[in-house]
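Subject: Structure handover

Hello,

Here is the structure for you to look over.

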Amino acid sequence: MAIAEVDQALARLDADHGEIAANLAEPEDDPGVRFLDGVPLTGASATRDNALALLDRRDELRVRVDAYRVKGARLRLSEDPAVDARYRRAYELLHSAPCDLAAATRAVAEYQRAITEKTA
């Protein structure tokens with residue numbers, strides 16, 4: 001490919017990029033979109049949104065438990081029966097179906113507290 005052809009291809013890509021960026025910004029400026037931003041979801045949309053938020057929270061708690069498990073293992077706290085029991089409880093709650101998110105949140109906090117108290 002000659003330099004002139006490369007320059008032309010880059011110019012076309014730059015033009016396409018500008019057009020795509022302008023088209024993406026337009027919906028945000030639409031009055032209908034701005035109006036709907038303040039309207040709460042209802043029905044199936046609300047149910048789906050709520051379910052996704054709960055799954056996100058469960059995944060966040062799973063990551064937290066895993067991180068504390070690594071920390072506990074590094075400090076050999078996983079050998080402590082009380083700490084290990086708290087880990088197993090949190091793990092079981094987070095991997096059960098359906099997940100009792102309130103109980104799982106409490107179990108994760110208890111496990112974190114057990115690790116933190118042993119390292120303080």
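Below are notes on helix packing, salt bridges, the surface and the backbone.

First, the ground rules. This is a predicted model, so local features need pLDDT of at least 70, side-chain atom pairs count only at pLDDT 80 or more, and totals for chains, interfaces and linings use all residues. Residues are numbered from 1 along each chain as its sequence is written, and side-chain values use heavy atoms, with hydrogens and water left out.

Helix packing

Helices here are DSSP runs of H or I with at least four residues, numbered from the N terminus (strands are runs of E, at least two). Helix pairs are given by the angle and the distance between their axes. Axes are lines fitted to C-alpha atoms, for helices over the stretch in contact; angles run from 0 to 180 degrees between N-to-C directions.

α3 packs against α5 at about 20°, with the axes 10 Å apart. α3 is therefore roughly parallel to α5 (under 35 degrees; over 145 is roughly antiparallel, 65 to 115 roughly perpendicular, the rest oblique). The α3 and α5 crossing is left-handed, meaning that the near helix is turned anticlockwise from the far one by less than a right angle; clockwise would be right-handed.

For α4 and α5, the axes come within 8 Å and cross at roughly 155°. That makes α4 roughly antiparallel to α5. α4 also passes α5 in a left-handed crossing.

Salt bridges

The search of the whole structure finds 6 salt bridges. The criterion is a side-chain nitrogen of Lys or Arg within 4 Å of a carboxyl oxygen of Asp or Glu.

Which residue does D80 pair with? It is K118, at 2.9 Å from N to O. This pair links distant parts of the chain, 38 residues apart. D80 sits in the loop between α3 (43-74) and α4 (81-94), and K118 in helix α5 (residues 101-119). D80 counts as buried because its relative accessibility is 19%. K118 is partly exposed at 46%. The cut-offs are under 20% relative accessible area for buried, over 50% for exposed, and partly exposed in between (1.4 Å probe, protein chains only).

D84 and R88 form another salt bridge, with the closest N and O atoms 3.1 Å apart. Both lie in helix α4, 4 residues apart, about one turn of the helix. D84 is buried, at 17% relative accessibility. R88 is partly exposed, at 42%.

D59 bridges to R58, and the closest N and O atoms are 3.1 Å apart. D59 is partly exposed, at 34% relative accessibility. There is also a salt-bridge network that links R57, E60 and R64.

Surface patch

V6, L10 and L13 make a nonpolar surface patch of about 260 Å². Patch residues have over 30% relative accessible area and no salt bridge; nonpolar side chains (Val, Leu, Ile, Met, Phe, Trp, Tyr) are joined within 5 Å, like charges within 9 Å. Areas come from the Shrake-Rupley method with a 1.4 Å probe; for residues, only the protein chains shown count as cover. L10 lies in helix α1 (residues 3-29). L10 is partly exposed, with a relative accessible area of 46%.

Backbone

The A97 to P98 peptide bond is cis, with omega near -5°. P98 belongs to the loop between α4 and α5.

R76 has phi near 60°, a positive value in a residue other than glycine. R76 is in the loop between α3 and α4. R76 is exposed, with 59% relative accessible area.

Best wishes
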